[in-house]
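Colleague: I would like to learn how to read a model of this kind, feature by feature. Could we take the general idea each time, and then the case at hand?

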Amino acid sequence: MTRAFPSGDYPRDLAGYGGDLPHAQWPGGAKVAVQFVVNVEEGGENNVLHGDEASEAFLTEEPTSALRGRRNLNVESQYEYGTRAGFWRLRRLFEERGLPLTVFGIAESLRRNPGLVAAARESEWEIASHSLRWINYAELDPETEREHIERAVRIHTEVCGEAPLGWYTGRNSANTRRLVVEHGGFLYDSDSFSDDLPYWSDVDGTAHLVLPYTLDNNDGRYVNTYGFQSESFSAYLTRALELLLEEGAERPRMMSVGLHLRISGRPGRAADLRRFLDVVAGHPDVWVARRVDIARHWRTVHPAFRWLPGSVDPLAEDTPGDAPADALTGARLRR
Ligand SMILES: [Zn+2]
């Protein structure tokens with residue numbers, strides 16, 4: 001098949017796998033890898049206490065505008081609910097079912113919540129980096145963003161006891177991926193919504209793995225204008241899983257689910273989330289995994305050199321020299 005790979009004059013990939021998906025070969029022959037993310041952002045949001053110009057207004061319970069130069073105690077306490085109550089409720093629901101997950105942790109939030117970090121580590125959850133602050137990086141210059149990435153990794157390593165292997169900015173800039181690759185040490189980033197499977201990306205000659213995330217299977221939609229309500233969220237997730245299981249009989253897929261402590265951690269929403277957790281827990285065709293486990297699996301089964309032979313993966317454990325010759329000649333999607 002032919003492939004329209006991003007070229008210099010138009011650096012987007014609109015074709016992707018072009019309808020001819022690789023077989024994911026998930027462990028146990030699973031048809032879908034379900035991946036839960038719990039975002040930890042509270043304490044890293046906009047606040048004059050953090051040196052910001054205005055209060056937070058994004059993903060709040062009611063339509064809110066940012067207050068310039070002032071605190072908004074209503075919004076602050078909505079956020080505080082997430083780390084005070086929401087985290088512990090969600091943790092119980094996942095623990096009771098033995099479901100692993102990945103935390104997207106804002107470094108400043110992790111630093112301000114040591115008890116939460118200790119509990120997440122005790123539960124063997126992956127803690128990936130969600131950058132230094134929960135702000136809009138699209139508005140920042142590359143020098144400041146580079147500095148935030150460095151500080152995020154430094155703080156994350158101090159408070160979590162190990163460096164993050166995954167990255168997700170969320171409100172990213174056009175420079176984010178380049179800066180993350182430049183920093184190095186990450187097995188994947190998730191600043192993409194472009195596919196149902198991981199894929200390799202060439203970042204100036206470096207092979208970089210992308211695990212797409214989701215804004216539709218995401219509880220953020222409880223509190224924005226496209227809103228879910230309790231029961232429509234679990235119903236939407238269940239319908240999505242059913243379709244992916246059907247497609248996954250031929251070519252297995254990945255399904256991300258995005259959660260927030262202060263949103264799904266509220267009892268009415270946690271009760272609804274529980275319905276979907278009960279669908280996936282113990283499902284014979286579902287592999288519930290941490291994001292880093294999916295990244296490691298993909299890097300082993302579909303190493304970069306088979307997809308981007310012109311790029312170098314600095315984190316590769318497998319090298320082209322170790323590969324059987326037909327692995328290279330049989331590669332699809334070569335440039
Ligand atoms: Zn987030």
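Colleague: In which segment does Gln25 lie?

Modeller: This is a predicted model, in which local features need pLDDT of at least 70 and side-chain atom pairs count only at pLDDT 80 or more, while totals for chains, interfaces and linings use all residues. Residues are numbered from 1 along each chain as its sequence is written. Gln25 lies in the segment before strand 1, where helices (H or I, at least four residues) and strands (E, at least two) are DSSP runs, numbered from the N terminus.

Colleague: What is the phi of Gln25 near, and is the residue buried or partly exposed?

Modeller: Most residues other than glycine have a negative phi, and most peptide bonds are trans. Gln25 has a positive phi near 55 degrees although it is not a glycine. For burial, a residue is buried if 20 or more other C-beta atoms lie within 10 Å of its own, exposed if 12 or fewer, and partly exposed in between, with C-beta atoms placed from the backbone. Gln25 has 13 other C-beta atoms within 10 Å and is therefore partly exposed.

Colleague: Where does Leu59 lie, and why does it count as buried?

Modeller: Leu59 belongs to the loop between strand 1 and helix 1, and it counts as buried because it has 22 C-beta neighbours inside 10 Å. Its phi is also positive, near 55 degrees, in a residue other than glycine. Phe58 is placed in the loop between strand 1 and helix 1 (73–97), but Phe58 is partly exposed, with 17 other C-beta atoms within 10 Å.

Colleague: Which residues touch the most other members of the largest nonpolar core?

Modeller: In soluble globular proteins, nonpolar side chains tend to be buried together. A nonpolar core is here a set of buried Ala, Val, Leu, Ile, Met, Phe, Trp, Tyr and Cys residues joined through C-beta atoms within 7 Å. The largest one has 78 residues, and Ala33 and Val38 touch the most other members. Strand 1 (residues 32–40) gives the most to this core, with 7 residues. Domain 1 (33–291) and domain 2 (303–335) both give residues to the core, so it lies between them; the domain bounds come from an automatic or database domain assignment.

Colleague: Which residues cover the two faces of strand 2 and of strand 3?

Modeller: It is the residues on the faces that are listed, and both faces are covered: in strand 2, Thr102 and Phe104 on one side and Val103 and Gly105 on the other are all buried. In strand 3 (residues 126–129), Glu126 and Ala128 on one side and Ile127 and Ser129 on the other are all buried.

Colleague: How many bridges join strand 6 to strand 7?

Modeller: Strand 6 and strand 7 run antiparallel and are joined by 5 bridges, with Val203 opposite Thr206 in strand 7. Their hairpin has 2 residues between the strands, and Asp204 takes a positive phi near 50 degrees in it. Leu209, in strand 7 (residues 206–210), counts as buried because it has 24 C-beta neighbours inside 10 Å. Among the residues that Leu209 touches, not counting those up to four places away in sequence, are Leu187, Trp200 and Trp298.

Colleague: How many residues does each domain give to the contact?

Modeller: The chain is divided into domain 1 and domain 2, and the contact takes 7 residues from domain 1 and 8 residues from domain 2. On the side of domain 1 that touches domain 2, strand 6 (199–203) and strand 7 each supply at least two residues.

Methods: Contact = placed C-beta atoms within 7 Å. Pairing = 2+ DSSP bridges.
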